[in-house]
Amino acid sequence: MLKIATWNVNSLPVRLEQVLDWLQHSEVDVLGVQETKVTDDKFPKTIFESLGYHVTFSGQKTYNGMALISRHPIESVITALPNFEDEQKRVLAATIQGVRVINLYVPNGSVVGSEKYQYKLSWLMALQDFLKAQLNDYPDCVVMGDFNIAPEDRDVHDPNAWIGNVLVSPQEREAFASILSLGFSDGFRLFEQAAGCYSWWDYRQAAFRRDLGLRIDHILISDALKPRCQSVVIDKGPRGNERPSDHTPVFVTLM
DNA sequence: ATGGTGGTCTTACCA
């Protein structure tokens, strides 16, 4: 059995105790984190290693930053999209226990039509090329992370209120669908789920208390890996912590 | 009541 999780922690230094606590209680084998906001020289490597984890990371100051924390050895690491010039650290792929794990922090996009939105769409185009090649090299593939896309209206607490917004725009949703058409499933939708399941709640407007969430953190399962996929679960717990991240973890269990 | 939260080499910018 292999449990693989994704969590946008919004600063690993701030959330370190929560991450260690969740690793211990969730008993996941692999955790991909986004928005570490820590440079590689300051990454808390020895803390994880002293607890028996392998780690790899690709960070920068203030923004973005990726890490993989694993009970098993981490091999064949990639830290960027090929053929896409980008100073922002948003990709970390590696092979763990024979499974290709691709951890992503998709750009937020700011406002539909803005420069950042165009960057998001360009980034997603380059991602498609990368995933196509990765799938060819590694058929057993998990693509996960903060996609900053709610794939369907049922992934949004109030779809009408969000019309015209980033995270739900048709172009972003088309990009998500194109990625699935390469040969992936949205793991969460492989199983029956309750209505109104979200992975992110804005810090503002008491959004978590009012359950004004979106499902924007995803785990995609390659077609070859689908028979091993037992469940995909959103663990809402950590969002209720004191001083929480605005995202909560999602994990897949593979047999 | 036209704001509001939270993180970051903070007084601006990002989400």
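## The surface near the DNA

By class, the surface near DNA strand B holds 4 nonpolar, 4 polar and 7 charged residues. Here a residue is near a strand if one of its heavy atoms lies within 4 Å of it. Ala, Val, Leu, Ile, Met, Phe, Trp, Tyr, Cys and Pro count as nonpolar, Asp, Glu, Lys and Arg as charged, and the others, Gly among them, as polar. This is a predicted model, in which local features need pLDDT of at least 70 and side-chain atom pairs count only at pLDDT 80 or more, while totals for chains, interfaces and linings use all residues. Residues are numbered from 1 along each chain as its sequence is written, chains are lettered from A and ligands numbered from 1 in the order in which they are written, and side-chain values use heavy atoms, with hydrogens and water left out.

Which residues come nearest to DNA strand B? Of the 15 around it, they are Ser 11, Arg 15, Lys 61, Thr 62 and Arg 243.

Arg 243 places a side-chain N or O atom 3.2 Å from a phosphate oxygen of DNA strand B. For Lys 116, the distance from a side-chain N or O atom to a phosphate oxygen of DNA strand B is 3.3 Å.

Helices (H or I, at least four residues) and strands (E, at least two) are DSSP runs, numbered from the N terminus. Two strands pair if DSSP finds at least two bridges between them. An open sheet of 6 strands has the order 3-4-2-1-14-13, with mixed pairing. Strand 3 (54-58) and strand 13 (229-234) stand at the edges with a single partner strand each, so one side of each lacks a neighbour in the sheet. Neighbouring strands of this sheet are turned by 10° against each other on average, direction ignored. Helix 1 (residues 12-26) packs on the sheet and touches strand 1 (2-8), strand 2 (30-34), strand 4 and strand 14 (250-254). The direction of helix 1 makes about 155° with that of strand 1. Axes are lines fitted to C-alpha atoms, for helices over the stretch in contact, and angles run from 0 to 180 degrees between N-to-C directions. Contact means heavy atoms within 4.5 Å.

Is strand 1 buried or exposed? Here 7 of the 7 residues are buried, so strand 1 is largely enclosed by the rest of the structure. Buried means under 20% relative accessible area, exposed over 50%, partly exposed in between (1.4 Å probe, protein chains only). Both faces are covered, with Leu 2, Ile 4, Thr 6 and Asn 8 buried on one side and Lys 3, Ala 5 and Trp 7 on the other. Strand 1 pairs with strand 14 in the antiparallel sense over 5 bridges, and Ala 5 has Phe 251 as its bridge partner there. With strand 2, strand 1 pairs in the parallel sense over 5 bridges. Trp 7 stands opposite Val 33 in strand 2.

## The sheet with strand 5

Another open sheet of 6 strands runs 5-6-7-8-12-9, again with mixed pairing. Strand 5 (75-78) and strand 9 (184-186) are at the edges, each with a single partner strand, so one side of each has no neighbour in the sheet. Its neighbouring strands are turned by 20° against each other on average, direction ignored. Strand 5 is joined to strand 6 (residues 91-96) by 2 bridges, and the two run antiparallel. Glu 75 has Thr 95 as its bridge partner in strand 6. Helix 5 (residues 170-181) packs on the sheet, touching strand 9 and strand 12, with its direction at about 130° to that of strand 9.

## Loop residues

Leu 182 lies in the loop between helix 5 and strand 9. Leu 182 counts as partly exposed, at 25% relative accessibility. Beyond its neighbours within four places in sequence, Leu 182 is in contact with Gln 128, Leu 131, Lys 132 and Leu 135.

Most residues other than glycine have a negative phi. Glu 27 has a positive phi, near 55°, and lies in the loop between helix 1 and strand 2. Glu 27 is exposed, with a relative accessible area of 53%.

Notes. Polar contact = N/O pair within 3.5 Å; in protein donor to acceptor, adjacent residues only side chain to side chain.
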